[in-house]
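Have a look at the structure first.

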Amino acid sequence: MIMAMGMGIALIIINILCLVFFFIVLVKLFKNEGALKGILGFFCSIYTFIWGWMKHKQLGMTKIMATWSILTVAGMVMVPVMGVSSALLIPQYLQQMTGNGDVKFSNLDSSKKTPKINLANKNIKSKSAPGPGLNKSTQQLPKQNLDWSQKALALWQGGKYNNPNEAINYWNRAISSNQNTAVAYSNRGLAYHDLKQYQKAVGDFSQAIKLDPRYAAAYNNRGNSYYELSEYRLALNDFNQSLKFKPQYAKAYLNRGLVFYQMDKNAQACNDFKKSCDQGDCDGIKWAMKNGICK
Amino acid sequence: MQVLITKIAESYNPAYGHKRKTKVSGESNKNQLVKWFFTPLLAPLLQNRWLICIFVAFGVAQLLLVYTGLSGWRCPIYETLTVICPGCGMTTAMTMLLKGHWQLAVQTHAFAPVILILLIMMLVATVLPASYLKKFAGSVERLEQKTGITAILLLSMVIYWLLRIFDYI
């Protein structure tokens with residue numbers, strides 16, 4: 001009896017956790033895909049589950065999805081193995097225990113859960129707990145996607161996003177709306193960079209580079225994130241790549257100069273700052289001269 | 001649009017950024033609601049064969065598990081709160097449909113035939129040649145945009161769910 005109760009309690013805990021994870025993902029679904037898909041996710045938890053796995057990297061919920069999956073499988077296995085839908089009637093057992101003290105597991109059959117709908121009137125017996133139906137997944141129109149991009153772009157002011165979280169939200173929608181373009185990933189990476197989430201930023205820039213291997217700006221941006229992570233060699237490689245694909249790229253020269261400065265290669269740093277100035281961006285050389293790095 | 005985004009990505013520099021302003025045209029709530037209502041949901045899915053396959057695989061597996069009396073995907077809302085969700089009973093109703101008990105299936109979940117049609121559409125989409133699939137998805141998209149059928153169905157299911165919860169059905 002104790003074992004059965006223990007397993008029953010375990011199943012209840014699993015169910016509660018599954019519900020919590022379901023709501024976490026559902027909230028993200030509402031936020032990222034809009035109300036219509038959110039309603040669909042509420043109808044059909046399988047849809048929410050699949051969507052969660054589709055977006056787990058972008059939304060950083062790999063652990064949530066993995067845990068939810070494990071718990072779901074555990075729950076699916078536990079029910080037939082121990083036949084404990086009855087274990088969910090623990091309160092009744094407890095009542096029996098506190099009553100006559102004669103505990104019997106006599107109600108295993110009758111304990112099977114049925115939907116709240118009154119099936120008895122319709123001569124139907126539900127043999128299993130009702131599950132969500134087969135449903136459909138969606139993606140938004142590119143036209144709508146245009147709006148998300150515009151909204152995200154409106155947040156870009158003064159060389160950074162004035163609200164990076166909101167920008168990420170908009171870019172998420174743009175990306176999930178079938179616009180898996182390199183620029184969308186790169187721009188979301190910038191938002192993560194502004195939030196100092198450099199690893200995520202690197203992930204997005206890498207995705208942008210994967211989609212467009214000659215995307216100089218993405219290399220430059222990833223180099224900046226590596227710079228913040230003090231991965232100067234990786235940053236240097238990226239700036240080199242960026243300049244390879246776009247030799248007149250002032251910002252990349254400037255950023256590479258900063259890397260050289262961090263690597264105590266002041267001569268090369270000054271050289272890059274000058275090249276950057278030649279291309280029209282003299283902020284670096286001014287700063288270096290002011291601080292006595294270059295003469 | 002593409003060019004505008006690219007410009008932003010290129011202009012970025014952590015230390016030496018410069019100002020750039022973009023304008024976004026405002027949108028009234030009414031327009032947003034209309035747009036929301038007529039947003040195609042099924043058509044974009046039908047364009048993605050890989051995604052359809054995943055959904056069909058999940059759906060078929062679920063049906064088989066329930067059909068054979070095994071434990072399939074369990075609704076987290078019902079399992080924990082014992083409150084039915086809008087989709088609860090759908091798998092049972094679908095298995096009844098497969099067994100030919102149409103009346104019982106509709107009594108169990110009124111939207112079972114609709115979901116069966118959707119499942120058949122998805123099954124067809126998995127085997128259609130690319131050109132036909134595109135045409136098929138285009139037709140569905142036009143239907144969804146003109147009629148708002150998806151939103152109507154989803155909202156109807158919400159109403160149906162509320163009626164079930166409060167035992168009106």
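Q: Which residues of α3(A) are buried?
A: This is a predicted model, and in it helix α3, residues 45-54 of chain A, is mostly covered. Seven of the ten residues in that helix are buried. By name, they're Ser45(A), Ile46(A), Tyr47(A), Thr48(A), Phe49(A), Trp51(A) and Gly52(A).

Q: Over which residues of chain A does pLDDT stay under 50?
A: Chain A averages a pLDDT of 74, and 75% of its residues score at least 70. Where pLDDT is low, the predicted coordinates should not be read in detail. In chain A, the stretch with pLDDT under 50 is residues 84-142.

Q: Are α11(A) and α12(A) roughly parallel or antiparallel?
A: Helix α11 (residues 232-245) and helix α12 (residues 250-262) of chain A have axes 9 Å apart and pack at about 155 degrees. Angles over 145 count as roughly antiparallel. So α11(A) runs relative to α12(A) roughly antiparallel.

Q: How many residues in the contact of α8(A) with α10(A) are polar?
A: The axes of α8 (residues 182-194) and α10 (residues 216-228) of chain A come within 10 Å and cross at roughly 20 degrees. On the α8(A) side, the contact uses Ala182(A), Ser186(A), Gly189(A), Leu190(A) and His193(A), while α10(A) brings Ala217(A), Ala218(A), Asn221(A), Asn224(A) and Ser225(A). Sort these by type and you get four nonpolar and no charged, with the polar count at six.

Terms used:
Residues are numbered from 1 along each chain as its sequence is written. Chains are lettered from A and ligands numbered from 1 in the order in which they are written. This is a predicted model: local features need pLDDT of at least 70, side-chain atom pairs count only at pLDDT 80 or more; totals for chains, interfaces and linings use all residues. pLDDT is the predictor's confidence in each residue, from 0 to 100. Two residues are in contact if their C-beta atoms, placed from the backbone, lie within 7 Å. A residue is buried if 20 or more other C-beta atoms lie within 10 Å of its own, exposed if 12 or fewer, and partly exposed in between; C-beta atoms are placed from the backbone. Helices (H or I, at least four residues) and strands (E, at least two) are DSSP runs, numbered from the N terminus. Axes are lines fitted to C-alpha atoms, for helices over the stretch in contact, and angles run from 0 to 180 degrees between N-to-C directions. Angles under 35 degrees count as roughly parallel, over 145 as roughly antiparallel, 65 to 115 as roughly perpendicular and the rest as oblique. Ala, Val, Leu, Ile, Met, Phe, Trp, Tyr, Cys and Pro count as nonpolar, Asp, Glu, Lys and Arg as charged, and the others, Gly among them, as polar.
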